[in-house]
Amino acid sequence: MTDEQRITIDVDGTPVSGVATRPTDAAATIVVAHGAGAGMEHPFMSGFTRAMDALGFATLRFNFPYREAGRRFPDRPPVAIATWRAAMDAAAARAAAAGSPGEPIWASGKSFGGRMASMAVADGMPATGLVHLGYPLHPPGRPEKARDEHLVGLTVPMLFLQGRNDPFAIPNEQLDELVARIGPTATLHWVENANHSFEVKGAKRPAAEVGASLADPVAAFLAAHTRAG
C-alpha cells in the first residue's frame with residue numbers, strides 16, 4: 001500500500017481534513033466522502049480507499065465540516081457541495097503536481113457523501129463520473145420520498161453499488177426503474193443479501209474488509225470508462 005498523506009482542504013475559509021494516496025502510474029483519482037453517521041476515518045472508508053490504492057488508483061477521502069467540528073447533524077447541501085468542490089480541486093491539484101494534469105477524477109461516497117457528490121455534479125461540479133456506495137434513495141420505509149430529481153439528466157458515467165437488503169432502497173424495483181430512467185450512462189450492481197453498510201447477515205466481517213470488498217467492481221467500472229474516454 002502507498003503511504004497515506006494527511007492534507008488540509010480549505011472550504012471557503014474553513015479547513016477540513018483529508019487523507020490522500022497516490023500509487024505509481026495511477027490510472028485515475030477517486031475522491032470519496034463519508035456517510036452521515038461516520039467520518040473519513042471509519043474502517044469502511046479506509047478499507048475501501050486502501051484497496052483502491054492497491055489496485056492502482058489514487059484516492060482522497062475527506063471530512064465534511066460538521067464531522068471536522070465534531071457535530072452530529074450533517075451539513076446542509078450548499079456547504080456539502082462547496083466541500084465537494086474544494087475536495088475535487090485538491091485532487092486535481094495533486095494529480096497535476098504529480099505530472100498528470102487532466103487525469104480522470106471520480107467522485108464517490110457512502111450514502112450521504114455520494115448523494116452530495118451527485119448534487120454537486122448536478123450543480124455544475126466537473127467530475128469524470130460518480131460512484132455511489134449505497135445510495136440513500138429514500139428514508140427507510142418511505143419510498144414515496146425519493147431523492148432522485150437531480151439524477152435524471154446527468155450525463156456522466158454512474159455506478160450504483162447497492163445492497164439488496166438496504167432499507168434505503170426497498171423496494172429494489174424503485175432503484176432499477178431509476179437507473180433505467182437515467183439511461184445507458186448508469187450501471188447498477190446489486191450486492192446480494194447486503195444491508196446499507198454492505199454487511200451480510202450470518203457472514204460477519206470487519207468494516208475495513210467490507211469496504212475493501214467493493215473495490216474490485218469499482219475499479220473495473222473506472223478502468224472501463226477510463227479506456228472508453
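This is a predicted model: local features need pLDDT of at least 70, side-chain atom pairs count only at pLDDT 80 or more; totals for chains, interfaces and linings use all residues.

Entry 1, burial. I looked up Phe-112 and found that it is buried, with a relative accessible area of 11%. My cut-offs: buried means under 20% relative accessible area, exposed over 50%, and partly exposed in between, with a 1.4 Å probe and protein chains only. Phe-64 is buried too, and Tyr-66 is buried at 0%.

Residues are numbered from 1 along each chain as its sequence is written, and side-chain values use heavy atoms, with hydrogens and water left out.

How many aromatic pairs does the structure hold? I got 7. Rings of Phe, Tyr and Trp (its six-membered ring) pair if their centres lie within 6.5 Å; planes under 30 degrees apart are stacked, over 60 edge-to-face, and the rest tilted. Phe-64 and Phe-112 have ring centres 5.3 Å apart and planes at 70°, so I logged them as edge-to-face. Phe-64 sits in the loop between β4 (58-62) and α2 (65-68), and Phe-112 is in helix α4, so this pair ties together parts 48 residues apart in sequence. Helices (H or I, at least four residues) and strands (E, at least two) are DSSP runs, numbered from the N terminus.

Tyr-66 also pairs with Phe-112: the centres are 6.3 Å apart and the planes at 90°, so that is edge-to-face. Tyr-66 belongs to helix α2 and Phe-112 to helix α4, so parts 46 residues apart in sequence are tied together here. I then found one aromatic cluster made of Phe-62, Phe-64, Tyr-66, Trp-84 and Phe-112.

The largest pocket has 28 lining residues, and Gly-35, Ala-36, Gly-37, Ser-111 and Phe-112 lie nearest its centre. The elements giving two or more residues to this lining are α1 (43-54), α4 (112-122) and α6. A pocket is an open set of points on a 1 Å grid over the protein atoms alone, where a 1.4 Å probe fits, with protein on both sides within 12 Å along at least five of seven lines; lining residues have an atom within 4 Å of a point. The largest share of the lining, 3 residues, comes from α4.

I found Arg-205 in the loop between β8 (186-191) and α6 (207-213). At 31% relative accessibility, Arg-205 counts as partly exposed.
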